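Here is a short briefing on a pocket and on ring contacts. Keep the sequence and the 3D view open as you read.

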Amino acid sequence: MARPVDMTKKIEELRNALQKYNGIPSQTVDRAAHASIKYYLKHHSDAPEIRALIDEFKLDNLKEKTDAIHLESRIKEIKGILEKYHSIPKNHKEYQKIYFFFNKYKNVPEVMKLMYIYSQSNCYEYATGKPLWRNIGGSRRLYCDDRSAFKYVIFVFKRYNELPASNTPPMKQVLTAMRRCKYHHLYFKEYNPDLYSFLCEMIDLGCNDERIVSCWNKATNY
């Protein structure tokens with residue numbers, strides 16, 4: 001049976017290490033001290049003696065700073081994957097990594113922005129009132145019509161002053177709708193009322209994306 005720890009001696013040992021290294025040493029500097037301090041901070045942070053050390057050496061602030069650096073690094077990694085595909089990837093391993101990251105950090109504003117820019121399914125349903133995926137005949141299929149896509153793109157642009165990424169389902173739907181519209185038609189507004197309303201609102205919102213501006217100019221320059 002392990003001998004009970006003399007907390008008085010242990011606290012003194014931890015304090016000496018914190019004073020010696022002006023905080024928690026890295027594992028390469030002093031592996032034993034690093035492990036011991038981390039253990040007691042993790043498992044005994046409610047003990048008055050440990051709480052006193054946390055306050056004395058401002059270890060809460062250090063933890064917050066460490067967590068912030070870690071999150072910043074993770075956001076950079078996830079953003080790199082998303083930018084590579086201009087959408088949420090279909091590759092299973094990368095998809096799972098992004099799925100769990102979004103689920104864990106969905107309340108962080110910068111992560112929430114990525115979720116909207118890359119059309120995460122819950123964000124799409126929140127913005128449009130319609131699911132992005134539907135179960136049809138026992139299989140999961142993408143469902144994104146013109147009206148919902150227009151609504152989503154407007155929502156995202158209003159919120160972040162950015163368009164969704166180009167390979168996301170709603171943005172691909174919008175680009176397809178713009179390619180197939182009948183330019184130079186006197187009755188464009190009547191023939192393509194949803195697209196016309198979308199273009200009109202995007203221009204009014206100050207969107208200067210070349211694709212949208214070009215379509216608007218062609219559609220209204222009779």
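Phe101 and Phe102 are both buried. The model is a predicted one.

**Aromatic rings**

- The count of aromatic pairs comes to eleven.
- One of them joins Tyr99 and Phe100, with 5.3 Å centre to centre and 80° between the planes. This pair is edge-to-face, because its angle is over 60 degrees.
- Tyr99 has a relative accessible area of 42%, so it counts as partly exposed.
- Phe101 and Phe102 also pair, at 6.3 Å centre to centre. Their planes are 50° apart, and the pair is tilted.
- One aromatic cluster is made up of Tyr116, Tyr126, Phe155 and Tyr160.

**A charge over a ring**

- Arg134 sits over the face of Tyr143. The distance to the ring centre is 3.6 Å.

**The largest pocket**

- The largest pocket holds about 710 Å³ of space.
- Its lining has 25 residues. Ile88, Tyr95, Ser119, Leu132 and Trp133 are the closest to its centre.
- Four elements each supply at least two lining residues: helix H5 (92-105), helix H7 (121-128), strand S2 (139-142) and helix H9 (169-180).
- H5 gives the most to this lining, with five residues.
- By type, the lining of the largest pocket has 13 nonpolar, eight polar and four charged residues.

Conventions:
Residues are numbered from 1 along each chain as its sequence is written. This is a predicted model: local features need pLDDT of at least 70, side-chain atom pairs count only at pLDDT 80 or more; totals for chains, interfaces and linings use all residues. Side-chain values use heavy atoms; hydrogens and water are left out. On a 1 Å grid over the protein atoms alone, a cavity is a set of points where a 1.4 Å probe fits but cannot get out, and a pocket is an open set with protein on both sides within 12 Å along at least five of seven lines; lining residues have an atom within 4 Å of a point. Grid points are joined across faces, edges and corners, and a volume is the space filled by probe spheres set on the points. Ala, Val, Leu, Ile, Met, Phe, Trp, Tyr, Cys and Pro count as nonpolar, Asp, Glu, Lys and Arg as charged, and the others, Gly among them, as polar. Rings of Phe, Tyr and Trp (its six-membered ring) pair if their centres lie within 6.5 Å; planes under 30 degrees apart count as stacked, over 60 as edge-to-face and the rest as tilted. Buried means under 20% relative accessible area, exposed over 50%, partly exposed in between (1.4 Å probe, protein chains only). A charge sits over a ring if NZ of Lys or CZ of Arg is within 6 Å of the ring centre and within 35 degrees of the ring normal.
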